[in-house]
Amino acid sequence: MTYSSPAAVQEHQGYHVFVLLLIATIFTLWAQSAHAHAVTLGDQGYIQEITGVKIIPFLYLGAKHMVTGYDHILFLLGVIFFLYGMKQISIYVSLFAIGHSTTMLAGVWFNFGINSYIIDAIIGFSVIYKALDNLGAYQKWFGFQPNTKVATLIFGFLHGFGLASKIIDYNISPDGLLPNLIAFNVGIEIGQLLALAAILVVMTRWRATPSFARQAYAANVLMMIAGFTLMGFQIAGYFVA
């Protein structure tokens, strides 16, 4: 009979917990993919009814959206998956934030949105793109590595359009629009930092395990499946709606 050390058992159990969490995320996407970037009915009614400058409520709504936005979180996970230095992480997260903020603010201010099914399908593709990047697929298939910083910025722009399209659908009041939008965006960045901190805590402990490289491959495959799930449901929703 073969016995495993407590450390090996703990590592094995930790891996299964991580896989189960990713599978749960995929099923969440399966159940909720038609409602990507959705706002709860209570928040939706609040956005539609209030007028004037409401800094604190919009800070809260922005943070809440990012923390519960599984598409954003999956993309952020992919972006930092193999980044170890805080300087590198800060650069990539800042590029994503710049892109996200620019198109969200400009899209709502100039009343320019993209069909929610189309933009959410593209956001699903961003998760697929980053998972494939992490797996080294572009080097294997095409013999070159796309600029990851440029890709992060571009997908940041697209994620921002997804949020702008949803806010436009809710007919936010023009009274106090700019300060409310800025507060909402600041809230998004606060939520992003909170989500990122939680991801980094888990990733730091996971990277310290000897089998991280092997498990990382499976994790990125699951992340890619989640992206395909989101993209597939949005494309189906576009043709059915």
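Which residues of H4 are buried? They are Tyr70, Asp71, His72, Leu74, Phe75, Leu76, Leu77, Gly78, Val79 and Ile80. Buried means under 20% relative accessible area, exposed over 50%, and partly exposed in between (1.4 Å probe, protein chains only). Helices are DSSP runs (H or I, at least four residues), numbered from the N terminus.

The model is predicted: local features need pLDDT of at least 70, side-chain atom pairs count only at pLDDT 80 or more, and totals for chains, interfaces and linings use all residues. Residues are numbered from 1 along each chain as its sequence is written, and side-chain values use heavy atoms, with hydrogens and water left out.

The largest nonpolar core holds 39 residues. Such a core is a set of buried Ala, Val, Leu, Ile, Met, Phe, Trp, Tyr and Cys residues joined through side-chain atoms within 4.5 Å. Ile80, Phe81, Ile89 and Met203 touch the most other members. At least two residues of this core come from each of H4, H5 (86-109), H6 (116-134), H7 (137-142), H8 (148-169), H9 (177-207) and H10 (212-240). H6 gives the most, with 8 residues. Another core, of 17 residues, lies apart from it; Ile50, Leu61, Val108 and Leu177 are among them.

Ile89 is in contact (heavy atoms within 4.5 Å) with Ile80, Leu83, Tyr84, Leu196 and Leu200, leaving aside neighbours within four places in sequence.

Lys54 lies in the loop between H2 (41-49) and H3 (55-68). Lys54 is partly exposed, with a relative accessible area of 33%. Not counting residues up to four places away in sequence, Lys54 touches Tyr46 and Asn180. The C-alpha atoms of Lys54 and Phe184 are separated by 9.7 Å, although these residues are 130 apart along the chain.
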